[in-house]
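Subject: Structure handover

Hi,

Here is the structure I promised to pass on.

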Amino acid sequence: MWRVARSAASTFRRTRRLSTAISAPCIVHKRGADILHDPWFNKDTGFPMTERDRLGLRGLLPPRVISFEQQYDRFMESFRSLEKNTEGQPESVVSLAKWRILNRLHDRNETLYYRVLIDNIKDFAPIIYTPTVGLVCQNYSGLFRRPRGMYFSAKDKGEMMSMIFNWPSTQVDMIVLTDGSRILGLGDLGVQGIGIPIGKLDMYVAAAGINPQRVLPVMLDVGTNNQKLLEDPLSLVTPPHSVLQVGRRGFCFLQDFDFTDLGLRQPRLEGEEYLSIVDEFVEAVHARWPKAVVQFEDFQAKWAFETLDRYRKKFCMFNDDIQGTAGVALAGLLGTVRAQGRPLTDFANQKIVVVGAGSAGLGVLKMALQAVSRMAGPSADPHFFLLDKNGLITKDRKDIDPAALPFAKAHHEIEGLGLQEGAGLAEVVKKVKPHVLLGLSGVGGIFHEEVLRAMKESDSVRPAIFAMSNPTNNAECCPVDAFKLAGEDIVFASGSPFANVDLGNGKIGHVNQANNMYLFPGIGLGALLSGARNISDTMLEAAAECLASYMSDDEINRGILYPSIDDIRDITAEVGAAVLRAAVAEDLAEGHGDVGVRELQHMSKEETIEHVRENMWYPVYGPLVHE
Ligand SMILES: NC(=O)c1ccc[n+]([C@@H]2O[C@H](COP(=O)([O-])OP(=O)(O)OC[C@H]3O[C@@H](n4cnc5c(N)ncnc54)[C@H](O)[C@@H]3O)[C@@H](O)[C@H]2O)c1
Ligand SMILES: O=C(O)C[C@H](O)C(=O)O
Ligand SMILES: [Mg+2]
């Protein structure tokens with residue numbers, strides 16, 4: 001059925017009117033079959049007769065003209081019958097089948113693809129984004145049919161400045177870049193990690209209304225340290241039929257094509273050699289599109305921090321795993337304070353155990369520390385406990401990562417609790433009795449029964465458990481176990497989507513999705529529309545505060561910390577406006593397109609939100625010839 005998501009309907013109606021108006025002069029220079037093979041312009045059977053005549057399409061299509069609405073319904077019908085036909089099959093088989101049907105549409109007709117994605121975002125986000133995108137990356141070389149985005153490899157050194165001009169679009173606004181070294185919690189997937197920038201940019205189009213002709217997914221292939229991918233390709237060839245492996249907790253991995261890795265077959269570049277490749281790419285991008293916003297995604301921690309440090313003052317970029325995640329987690333943590341019936345300033349007194357001291361865990365703690373300092377002053381003494389694979393991190397830790405040092409416990413801070421360097425998770429939770437247990441470890445099931453039962457003894461009336469690692473199988477625990485073992489009063493969030501939990505007696509345990517998708521589209525959009533020179537901490541704080549204040553008291557009391565994904569365009573417009581206003585206030589904005597910085601300065605908060613909404617692209621077929 002033709003459907004517009006209920007909550008976002010009014011937004012869409014407005015943007016729809018506007019997009020039709022501004023898309024009128026869009027004239028394509030291609031002719032005939034070239035148009036049918038270009039997903040940016042293709043309308044399939046939807047080309048009206050005037051366009052068929054004037055673009056040399058007559059005879060290349062069946063004669064009947066099908067309306068956009070009919071095309072939409074036909075696609076949804078085939079999607080629903082695929083769902084029916086795959087009923088009872090393993091989840092991974094079904095997910096990949098759904099991904100394939102969506103991907104085929106993406107490759108053929110982007111206008112229709114993004115309309116079905118926007119209208120059905122709740123159903124489709126888990127396919128084109130987390131968690132299915134993880135499975136797609138693991139099987140990327142086998143699933144590969146058509147290239148999408150750009151690939152810059154270590155072999156392209158010295159060539160990137162000319163390569164960047166191979167990209168067919170004249171304007172690029174958003175780039176998502178990965179080196180494939182830490183794909184979700186799945187480790188080093190080399191070139192196969194390209195699925196992540198593609199999925200993130202799909203969310204940019206769906207949530208932030210970035211024009212899909214202006215997005216660029218990029219893989220920086222500097223080799224891989226994944227032994228399997230480095231091995232002789234012939235030894236990896238699987239039989240041509242599907243091979244199913246039942247993994248831990250019943251999860252199935254699928255490789256159903258001959259497997260020949262498509263990336264560079266060499267160990268990862270390190271040190272200066274590595275940085276020289278990233279430097280060259282960044283220079284090339286900025287030579288061609290100086291105002292493009294670049295999102296760094298799924299880099300292993302050392303390069304995530306190093307590249308953020310290296311580039312953040314030089315151009316408009318951010319690291320989503322460090323900074324986007326931090327904002328989403330902080331918004332959720334502030335929500336848990338409200339859920340306890342405490343004033344927000346009580347955040348400074350919350351005992352928070354963070355499991356995972358990588359790019360995400362450290363990013364969260366850094367932003368939480370800034371928030372505590374704002375609330376309680378610079379002498380604030382936050383109650384944060386940080387663990388990595390070697391247990392509790394203290395000042396006694398040998399070769400401590402300098403980024404973890406501010407969160408390492410001093411002897412005097414923990415001796416009263418009977419804790420010491422390297423204490424295990426269950427012991428820490430039992431002795432600290434934290435208000436919040438937050439996992440960004442990438443280790444599935446690490447919040448096991450003993451840990452969850454210990455959370456029942458938390459000092460909070462409403463203990464919070466955030467199992468933020470992705471994809472599904474890497475979540476620190478599942479919500480059913482959390483509500484069963486830690487108690488029905490907990491607040492629960494996971495990075496990947498899970499169903500709400502039926503607690504019996506008509507009660508529901510609400511499952512929040514604490515995923516950076518609630519912020520990165522708004523951060524990118526706000527930065528773009530402000531024309532910010534760079535993305536400051538203040539802009540990121542504005543994003544987090546906006547998300548935190550989006551939820552009503554009633555929702556928070558029911559344990560709902562984040563908006564429904566159906567509202568993602570709406571929350572993205574608000575976050576985008578908050579980021580834009582922060583850039584203007586900090587004097588970082590230079591304006592965008594026809595809208596100069598003076599005009600931005602004079603906009604009220606509501607006018608800024610409206611301005612952001614009006615600049616969101618919405619998928620409709622624009623005319624391809626002059627009337
Ligand atoms: N929900 C979200 O929005 C979101 C955002 C970013 C990252 N993540 C997820 O968080 C996970 C980690 O990402 P990252 O970038 O920080 O990775 P990372 O590799 O930089 O860090 C992982 C950390 O976990 C620690 N760790 C490993 N095994 C452990 C164990 N048994 N006990 C305690 N700690 C352990 C490591 O020592 C390291 O400090 C990934 O699964 C990723 O998908 C989720
Ligand atoms: O990609 C996601 O779903 C969130 C996050 O960026 C991650 O790396 O896990
Ligand atoms: Mg990521």
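**Overall build**

Of the 627 residues in the protein, 50% are buried, where buried means that 20 or more other C-beta atoms lie within 10 Å of a residue's own, exposed means 12 or fewer, and partly exposed is in between, with C-beta atoms placed from the backbone. Please keep in mind that this is a predicted model: local features need pLDDT of at least 70, side-chain atom pairs count only at pLDDT 80 or more, and totals for chains, interfaces and linings use all residues. Residues are numbered from 1 along each chain as its sequence is written, while chains are lettered from A and ligands numbered from 1 in the order in which they are written.

Along the principal axes, the C-alpha atoms fill a box of roughly 80 × 65 × 60 Å. There are 27 helices and 16 strands, which are DSSP runs numbered from the N terminus (helices H or I, at least four residues; strands E, at least two). Among contacts with a separation of 6 or more, 74% are between residues 24 or more positions apart; two residues are in contact if their C-beta atoms, placed from the backbone, lie within 7 Å.

**Domains and core**

The protein is split into domain 1 (67–315), domain 2 (323–516) and domain 3 (519–614), with bounds from an automatic or database domain assignment. The centres of domain 2 and domain 3, taken over C-alpha atoms, are 27 Å apart. Where these two meet, 20 residues of domain 2 are in contact with 17 residues of domain 3. On the domain 2 side, α16 (320–339), α17 (359–376), β13 (491–494) and β16 (511–513) each supply at least two residues, and α16 gives the most, with 11 residues. That side has nine nonpolar, 10 polar and one charged residue (Ala, Val, Leu, Ile, Met, Phe, Trp, Tyr, Cys and Pro count as nonpolar, Asp, Glu, Lys and Arg as charged, and the others, Gly among them, as polar).

The largest nonpolar core has 182 residues, and those with the most contacts inside it are Leu438, Ile465, Ala543, Leu547 and Val579. Such a core is a set of buried Ala, Val, Leu, Ile, Met, Phe, Trp, Tyr and Cys residues joined through C-beta atoms within 7 Å. Helix α25 (residues 568–585) gives the most to this core, with 11 residues. Beyond its neighbours within four places in sequence, Ala543 is in contact with Gly327, Leu519, Gly522, Ile523, Val575, Ala578 and Val579.

**The two ligands**

Around ligand 1 there are 30 residues, of which Gly185, Ala301, Gly358, Asp388 and Gly495 come nearest; a residue counts as near if its C-beta atom, placed from the backbone, lies within 6 Å. Domain 1 and domain 2 both give residues to this shell, so ligand 1 lies between them. α16, α17 and β9 (383–388) each supply at least two residues of the shell, which by class has 12 nonpolar, 14 polar and four charged residues.

Ligand 2 is surrounded by Thr130, Leu184, Asp298, Asp320, Asp321, Asn470, Gly495, Asn515 and Asn516. By class, the shell around ligand 2 has one nonpolar, five polar and three charged residues, and at least three come from each of domain 1 and domain 2.

**Backbone details to check**

Most residues other than glycine have a negative phi, and most peptide bonds are trans. Here, a cis peptide bond joins Thr130 and Pro131, with omega about 10°, and Pro131 lies in the loop between α7 (121–128) and α8 (132–138). Another cis peptide bond joins Asn470 and Pro471, with omega about -10°; Pro471 is in the loop between β12 (464–467) and α21 (479–486).

Leu184, in the loop between β2 (174–178) and α11 (195–208), has a positive phi of about 45° although it is not a glycine. Leu184 counts as buried, with 26 C-beta neighbours inside 10 Å. Asp399 also has a positive phi, near 50°, but is exposed, with 4 other C-beta atoms within 10 Å.

Best wishes
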